[in-house]
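Hello,

Here is the structure I promised to pass on. Please open it alongside this note, and I will go through what turned up.

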Amino acid sequence: MGFLESLWKPKVIENFYFLHSILFNDQKMIVQISENSQIDIEEGNLELFLKQRENGQELFFTLNHNKSLNEKNIYETIIDIAGNNEMIADTNFWDVYIIVKANGYSKKYRLKCLDINFESQLFFYNHSPRVIVPYATKNGNMSFKIEQPSVITKIEKAHINNNGVFSLSGYAYYPSWDTSKQNNITKNILVRNENGDYEKSFQVQNVERKDLGDQLNWAGFNASIHLNDLDLDVIEGNEIDITIELKNNTQDTHNLNKIESSSIQLVDDSIFPNQSVIFKDSNGNEKEVTIRKNKKTKSLLLVISNHNLNVEIDTIFVDPESITINAVLLSNHPLFQNITGDYLLVMKKRNLNVIHEFPIKINNSHFTFKANLNEMICNDGLKEGVWDLFIDIEEKHYRISSRLDRISNKKDIISFPQQLVQNNKSDAVVVKPYYTAQNDVSLLIRNYTYSKSISRINITNQNMEINGKINIMLPNEELSEHAEGYISIKGKYGKSFDLPAKWKLHKTNKTNVEFEFSVIATYPDEKLSNMKDWILDHIKFDSLICKLDFGKIQSRFTLNISPEKIDKSFEDRLNKITRIKKMMEKGNVASYRILNKLFPIQSNTYIFQSYYGNSYACNPKAIYEEMLSQNKNIKAVWVMKDLQKDLPGNPILVKPHSFKYYFYMATAKYFVNNGNFPDFYKKRSDTIHVETWHGTPLKKLGLDVDPDSVAYAENTSIELLNRVKRWDYLIAPNHYTAEILKRAYNYNKKTLEIGYPRNDIFYRNDNVKKVEEIKKQLNIDPSKKVILYAPTWRDDDRKGSKKSSPFEFRFDLDQFKERFGDEYVLLLRLHYFDAARIHLLGFEDLVYNVTYYDDIQELYLISDILITDYSSVMFDYANLNRPIIFYTYDLLKYGSKMRGFYFDFQEEAPGPIVLSDSELYETIANIEDLRDEYSEKYENFKDRFCNLDDGHASQRAIEIIFEKNQRR
């Protein structure tokens, strides 16, 4: 092309291309677009262009005029999904473009899809459980995702009558099921309360729905539920979630006894308004039921409340010394007219079996309750938490509420002032009444101060400085920016120090309670010479106890230290400056790319990493130590956030994202990890990546997670699936785990079913001495038995206010201490996210926060009982033949709505499943009697999940992976 010709290059007129329609027919996707350009486009010069986000794969389809339509600007292409296996092979995302060719030039446009409703547009491919889901991006562009199917549930009619009969109709289907055997598909309605501890199932009537098409003719249903068939006393006052469950009993290997469930969604918000009716239960008591929708999920909810007797709030007054409640008892029932006499106001701690009772006088159905805040907190012993308020009438509790004015959002309208009180240990707490979502009245008690985040810790020869953020509750307007106090550090072997500290506070104004803080703690003069090394070694051993002295009040709270926040080098300090950190990371990654291409691979260099560099533990530790015992000639590099850690064998320690880290990541031959390396890591062809993983799964993982779950996006991200492709070997503790991980992550390389190296420790002969040493280090009284509490991380705990609120215990530590404090200590092993929110003041002699103790296998060794829920710790601990208690207070919710389980947990769990704190206490008290009861289940559990563990898994891993590759 000449210069003059380039100046006069024909111009492609800027235009936009809109999706006209998208149809699915016989495993084909028919895409119609409309174009608004003013130029004529010749046949074959308009293409639909699909680009996969994950790997950039491209597909092209010619768009032609639709001859059956009279409109000139409608173009159409038919994509044979069944013939495009590359499109549906994996879970992925595709973006849709239009390519226009005119006058020898081409132009690419994003396909717009404004005002297109994709809600019912689905295609499923029967030979592979995949669904194509088109959607509009936030910019109005068309994309679609390929994913595993989930249950589709829609409600079209819902009604409740005065007899308490709740009826609903709609449709529900699971797209990939073979519908030719529709008589084998059954549907049930599940009724669950918000706490997840109550569920009841109702079978529904199938109805034909020819309007949904032949394949989905079976999807319609009608359901009728009589509310008197529910346990109204249990679910009263709770939000009730309505879920539909489909069961497929077809006799093929893919669908056999497959069960899928999903919360029922509304087809249209306008189907019905909020409905409230009064009905009588089987005992003749009046109940009120309200149908409403969840604003966020659009799911259907029921709320049932007692109407036989309403305890209705008249007024609530709050002042610095007291809370005064004036209320009236309202009822049409003759038994509850003009009530007069001595009764009880009951405060019940939410989710726990803890109550406090206060005498009140009712006169002609009216009463006033005035609570002196100081007496209630100090003398009556109300601790932190949410307390729900009831009136006890004839040994039945009636909720104190404000409903008759029909104002449904009082919690957003009315905010009572928060009052500052000192408890019986002279620590500041705050108290306030508030309205719940159901307009009930509750009392909230919180510690005045709690930790939010730590940004930096600098430990010098003279002092220790900590920077971060804390929440100081209202009232906080008159607080000084400077305060005295102390920081108490608990260390190994019972050693601790109380360091005087000066605090500097600055309100961020992001919220009305958030403060940035900087605190400098000074060392005692006589210990000055070695305090720095001692603190570096001990600071994360347990929670730090902090005190702020504001003059008239003092506040104590706990800080929990992650080793990655400690500055140990000049590079660490630079990394705390965001701009410099980004520049350093950019430079280091650039250096890594050069090293990764140009430098030779060091065939004797091994990189080990466990839990993202947070600890020296798990399978990588076991494999490494077995190499040491075999005197292997290796250059070991451990990725550790804590560079002060003293590891056997004197390996090279590198901090994540340091230059040394990138150097060895680029040049090492072997990579051993129980998680994944970051996305910058580009695996070289001659390197070996060993994925040891970190547990036997109970909860669904990866592509097995229900797309409706809060955990789905994290478990199926493109980035995660790309990381899996770097694995060369996957170590599995049993066949069950191997099959799940291969399927859930589309892993198709070498899987070694050899047992877990980390469990070799349980089969050693020197464990008696090791147990004694660990207990001494933790300062556990040798006469005390040990309970290890290791709950799992809950995916919905990172949502909303939960992620920065104090960790909520689901059993009362005061009751626990009263019943078991003389016999047991409690080791608390939380997920890292929860550890930052722990608050343990007052229980230092009972509860040990061992979240940051490196190796949980050593905690198993010293524990007499394990309390867990859905965590994979159960599978390792079973090797020890010691009791396991499953405290699963949210079993119904967790097992279905949040993640789902791989097997029948309730049937196969090798120990008692308890749903309440009172059950938990009784189980601990009678633990020896339960050994025989669960012995058969325990043995069956071990046979299935621990059959490969024998103390030699590390040896097998080394022989199969490393020795084999070194011989090549």
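Predicted model: local features only at pLDDT ≥ 70, side-chain atom pairs only at ≥ 80, totals over all residues.

Residues are numbered from 1 along each chain as its sequence is written, and side-chain values use heavy atoms, with hydrogens and water left out.

**Around β43**

Helices (H or I, at least four residues) and strands (E, at least two) are DSSP runs numbered from the N terminus, and two strands pair if DSSP finds at least two bridges between them. Across to β44, Val 637 stands opposite Ile 652. β43 (residues 635-639) also pairs with strand β42 (residues 602-609), in the parallel sense over four bridges, and there Tyr 606 stands opposite Ala 636. Together with helix α9 (residues 618-629), β42 and β43 make a right-handed β-α-β unit; right-handed here says that, with the strands pointing away from the viewer, the path from the first strand over the helix to the second runs clockwise. Four of the five residues of β43 are buried, where buried is under 20% relative accessible area, exposed is over 50% and partly exposed is in between (1.4 Å probe, protein chains only).

Beyond its neighbours within four places in sequence, Phe 962 is in contact (heavy atoms within 4.5 Å) with residues including Tyr 606, Ile 623, Met 627 and Ala 957.

**Helix α23**

In α23 (residues 935-945), the buried residues are Tyr 938, Phe 941, Lys 942 and Phe 945. They fall within an arc of 95 degrees seen down the axis, so they line one face of the helix; the arc is that of the directions from the helix axis to the C-beta atoms. Glu 936 and Asp 943 are exposed on the face turned away from the buried side. Among the elements covering the buried residues are α13 (735-744) and β53 (884-887).

**Backbone details in loops**

A cis peptide bond, with omega about 0 degrees, joins Leu 474 and Pro 475, and Pro 475 lies in the loop between β35 (463-472) and β36 (482-490). Ser 426 is not a glycine, yet has a positive phi of about 65 degrees; its place is the loop between β31 (419-422) and β32 (428-435), and at 37% relative accessibility Ser 426 counts as partly exposed. Asn 779 likewise has a positive phi, near 60 degrees. Asn 779 sits in the loop between α14 (767-778) and β49 (785-789) and is partly exposed at 44%.

**Cysteines**

With a disulfide taken as a pair of cysteine sulfur atoms within 2.5 Å, the count comes to zero. Cys 378 is buried at 18% relative accessible area, and Cys 546 is buried at 0%.

Best wishes
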